[in-house]
Amino acid sequence: MSEGAGAAGGEVSGGLAASHVGICVADLEASIRFYRDGLGYALAERFDLGTSQMPGIERSLEVDGPVDVVSQMMVLGGHRIELLYYPDGRAHGIPSATRDQKGLTHLSYRTHDVDSVAAQMVACGGTVLENTRTNVGIQLLFLADPDGTRIELMGA
């Protein structure tokens, strides 16, 4: 193991620790409903940010400025997600639709009842991707959140 590399689940030099996963959304309220009511996340900190309050924020967001953005943090156990919402409607593009596309492909959750959790997610704006339903010794099913971000449900 090279210097600075920690054991599995351990800490690396410099105190590096996981913080959150960011997801750009087109409709903040629809996404809050999905992640809160569909998956059980709780609302955490909310930050209304913009170039006027934080000159240069557009550089860290990698967008053309000036910009306004809402950063809504949500938490489930020790896992945090950040919903990034641009009130000016600049959110664009499509999330990964296959697991062989570079970059983040999905968020994954274990459950004792895949079908019940999937039904709750659908009631909160999700879409079941039926062609992904399989059982390979463990039940697997993918859904899409309101913006198309893939969510994997794994039977426990």
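Visitor: Which residue in β4 is the bridge partner of G22?

Guide: The partner of G22 is E82. Keep in mind that this is a predicted model.

Visitor: What makes β1 and β4 a pair?

Guide: Two strands pair if DSSP finds at least two bridges between them. Five bridges join β1 to β4, residues 79-85. Five meets that cut-off, so the two strands count as paired. They run parallel.

Visitor: Where does β1 sit in its sheet?

Guide: The sheet is open and has four strands, in the order β1-β4-β3-β2. Its pairing is mixed. The edge strands are β1 and β2 (42-50). From one strand to the next, the twist averages 20°.

Visitor: Why are β5 and β6 called edge strands?

Guide: Start with their sheet. It is an open one of four strands, ordered β5-β8-β7-β6, with mixed pairing. β5 and β6 (127-135) each have a single partner strand, so one side of each has no neighbour in the sheet. The twist here averages 20° from one strand to the next.

Visitor: How do you know that β5 pairs with β8?

Guide: Pairing takes at least two bridges. Five bridges join β5 to β8, residues 150-155, so the pair qualifies. These strands run parallel. Y109 stands opposite L153 in β8, and T111 has G155 as its bridge partner.

Visitor: Which side chains of β5 are buried?

Guide: L107, Y109 and T111 are buried, and they point to one face. Buried means under 20% relative accessible area.

Visitor: Why is R99 called partly exposed?

Guide: R99 has a relative accessible area of 35%. Buried would be under 20%, and exposed would be over 50%. The value of 35% lies in between, so R99 is partly exposed. R99 is in the loop between β4 and β5 (107-111).

Visitor: What is R99 in contact with, leaving aside its neighbours within four places in sequence?

Guide: R99 is in contact with T105, H106, T132, F142 and R150. Contact means heavy atoms within 4.5 Å. As for R46, that residue is 53 residues from R99 in sequence and 31 Å from R99 in space, C-alpha to C-alpha.

Visitor: Which residues lie nearest the centre of the largest pocket?

Guide: I23, C24, V25, A91 and H92 do. The lining has 24 residues, and the volume is about 520 Å³.

Visitor: Which element gives the most to that lining?

Guide: β1 does, with four residues. β1 (21-25) and α2 (57-61) each supply at least two.

Visitor: How do the lining residues of the largest pocket divide?

Guide: There are 12 nonpolar, eight polar and four charged. Cys counts as nonpolar, so C24 of the lining belongs with the nonpolar group.

Visitor: How many helices and strands does the chain have?

Guide: Three helices and eight strands. Along the sequence the pattern is β-α-β-α-β-β-β-α-β-β-β. The C-alpha trace spans about 50 × 45 × 30 Å along its principal axes.

Visitor: What share of the 156 residues is buried?

Guide: Buried residues make up 34% of the chain. Among contacts with a separation of 6 or more, 57% join residues 24 or more positions apart.

Conventions:
Residues numbered from 1 in each chain as written. Predicted model: local features only at pLDDT ≥ 70, side-chain atom pairs only at ≥ 80, totals over all residues. Heavy atoms only, no water. 1 Å grid on protein atoms, 1.4 Å probe; cavity = no way out; pocket = protein on both sides within 12 Å on 5 of 7 lines; lining within 4 Å. Points joined across faces, edges and corners; volume = space filled by probe spheres on them. Axes fitted to C-alpha atoms, helices over the stretch in contact; angles between N-to-C directions. Buried < 20%, exposed > 50% of the residue type's maximum accessible area, 1.4 Å probe, protein only.
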